[in-house]
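Subject: Structure handover

Hi,

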Amino acid sequence: MKTNKLNKTFVVIIPARGGSERLPKKNVLPLKNKPLIEYSIDFAKSNLDYVEKIVVTTDDQEIKRIALKNNVQVIDRPKEISGNKASTVSALKHALLTLNETYDFVILLQPTNPLRPKNLLKSACDKIIEEGADSLITVTKNHHKLGKIVNNTYEPFLYNMGQRSQDLEPLYYENGLLYITKRELILDDKIISNNNIPVIVDHAFANVDIDTMDDFKLAEFTLEQQKDE
Ligand SMILES: CC(=O)N[C@H]1[C@H]([C@H](O)[C@H](O)CO)O[C@](O)(C(=O)O)C[C@@H]1O
């Protein structure tokens, strides 16, 4: 296996089920004429100085065809772990156990987060190695004043009504852009552990996480805006 400057091996795994419910066939929907999954494949390919291998795991023939056309390895994801309740980690674990090679870290790229800042993967890999962590997750600062509805009444959550937003305790959301996890953790059915580190992403791309047609339209809009900058 070739090694990168970090002397660790990274495999990118892109899990792409065929049977999305809210937005049918979402992983292959054309975003500006390119199937959604190709954004993650291309992103991984632009980082081949860090990444040893790119793998798509899928139960779907069309996704398989697109992945093969892009020259990446395909792992056939068994039906039992391809339903709408199947966890992402079960697909990653199956892929790792199916591959003949052993890698130090898995980089998970979700096809539903097609837009990522250019240097995200390299800076995240550098960070997890520098800090000696076993897992890494990308997050973004939340700018909403969140609350709960209890007994038909709104209750502010972790703030007081009228409190200035600058004075609130910062909260972050999981943006889904990228995860890095040590092989052993995945084999133990975990994507992040208590020893994880966050990478804070402050970029419009972090708002794009596609579950619905509205999310898809936001992706189109965000991509269009970015082109103008
Ligand atoms: C690695 C991981 O846990 N992925 C999960 C993602 C992310 O939590 C989300 O994309 C973050 O924005 O959410 C799901 O797609 C979802 O909510 O249906 C389930 C999926 O297993």
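Of the contacts in the chain with a separation of 6 or more, what percentage comes from residues 24 or more positions apart? The figure is 74%, where a contact means heavy atoms within 4.5 Å.

Ground rules next. This is a predicted model, in which local features need pLDDT of at least 70 and side-chain atom pairs count only at pLDDT 80 or more, while totals for chains, interfaces and linings use all residues. Residues are numbered from 1 along each chain as its sequence is written, and side-chain values use heavy atoms, with hydrogens and water left out.

Overall chain

The chain has six helices and 11 strands. These are DSSP runs numbered from the N terminus: helices are H or I with at least four residues, strands are E with at least two. The C-alpha atoms fill a box of roughly 55 × 40 × 40 Å along the principal axes.

Of the 229 residues, 48% count as buried. Buried means under 20% relative accessible area, exposed over 50%, and partly exposed in between (1.4 Å probe, protein chains only). The accessible surface of the chain is about 12300 Å². Carbon and sulfur atoms hold 48% of that surface. Areas come from the Shrake-Rupley method with a 1.4 Å probe; for residues, only the protein chains shown count as cover.

Ligand site

- Thr88: an N or O atom of its side chain is 2.7 Å from an oxygen atom of the ligand.
- Gln110: a polar side-chain atom is 2.9 Å from a nitrogen atom of the ligand.
- Asp209: a polar side-chain atom is 2.5 Å from an oxygen atom of the ligand.

On its own, the ligand has 470 Å² of accessible area, and the protein covers 59% of it.

Helix H1

Helix H1 (residues 36–45) is mostly covered, with eight of its 10 residues buried. Among them are Leu36, Ile37, Tyr39 and Phe43. Glu38 also sits in H1. Is Glu38 buried or exposed? Glu38 counts as buried because its relative accessibility is 11%. Leaving out residues up to four places away in sequence, Glu38 touches Ile66, Lys69 and Asn70.

Two loop residues

Asn71 lies in the loop between helix H2 (61–69) and strand E5 (73–76). Its phi is near 60°, a positive value in a residue other than glycine. Asn71 counts as exposed, at 68% relative accessibility.

Asn152 is in the loop between strand E8 (147–150) and strand E9 (153–156). Phi of Asn152 is near 65°, again positive in a residue other than glycine. Asn152 is exposed, with a relative accessible area of 77%.

Best wishes

Notes. Polar contact = N/O pair within 3.5 Å; in protein donor to acceptor, adjacent residues only side chain to side chain.
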